[in-house]
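I opened my notebook to look up a few things in this model. Here is what I wrote down, entry by entry.

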Amino acid sequence: SSRLQLYYGAQLIARFVTFVGGTGIEYGGSFDIDQFGYARFERCHFRESSAENGGGAIWARQGSMLEIQDSVVEHCSAAEGGAISANQASLRISRSIFLGNSATVDTQLSGSGTGGAIFLEGGSLELTHSTFHDNHIDSPVDLPGIRWFAGEGEALKLQSIFSSPLD
């Protein structure tokens, strides 16, 4: 795989960086943020990254924190969360664009893609002033933009634009 991993509490702040063509064998095409890790991406560009299972660009694990600001995530793919997949993590995304990401069929997981742009299982998501366009899934029964499974006391705050091209 051609990706970076942040292990157990490691911290990363990236500004004005472009990540192209990252691949993850299982999770996180460009980044795997391990338990209690912290990553902040400012004015970054993720393009054409992929992972077999989850998080075409980024996979965030339990207890980790992911912040994305003024960035673009485009043409990334994975079975769960074409751009980002998170399990019990905290996500804060602002003024960013998610374009043309896709959740693909994976028979090892659910058999169909879920969360064309973001897949979040538990945790929290604060999403403000961001745009989601032409993110899609390989299943007609799911939401193409964000798929979120909530647990007790978990929060979802959305103030963004979602759109798909008209067929």
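**Strand pairing.** How many bridges join β14 to β18? I found 5 bridges between β14 and β18, which run parallel. Strands here are DSSP runs of E, at least two residues long, numbered from the N terminus, and two strands pair if DSSP finds at least two bridges between them. I noted that Ser94 has Thr128 as its bridge partner in β18. Strand β15 (residues 97-99) is also joined to β18, by 3 bridges, and these two run parallel. There, Ile97 has Thr131 in β18 as its bridge partner.

**How to read my notes.** This is a predicted model, where local features need pLDDT of at least 70 and side-chain atom pairs count only at pLDDT 80 or more, while totals for chains, interfaces and linings use all residues. Residues are numbered from 1 along each chain as its sequence is written, and side-chain values use heavy atoms, leaving out hydrogens and water.

**Cysteines.** I counted 0 disulfides, taking a disulfide as a pair of cysteine sulfur atoms within 2.5 Å. Cys44 counts as buried because its relative accessibility is 3%, and buried means under 20% relative accessible area (1.4 Å probe, protein chains only). Cys76 counts as buried too, at 1% relative accessibility.

Notes
Buried means under 20% relative accessible area, exposed over 50%, partly exposed in between (1.4 Å probe, protein chains only). Helices (H or I, at least four residues) and strands (E, at least two) are DSSP runs, numbered from the N terminus.
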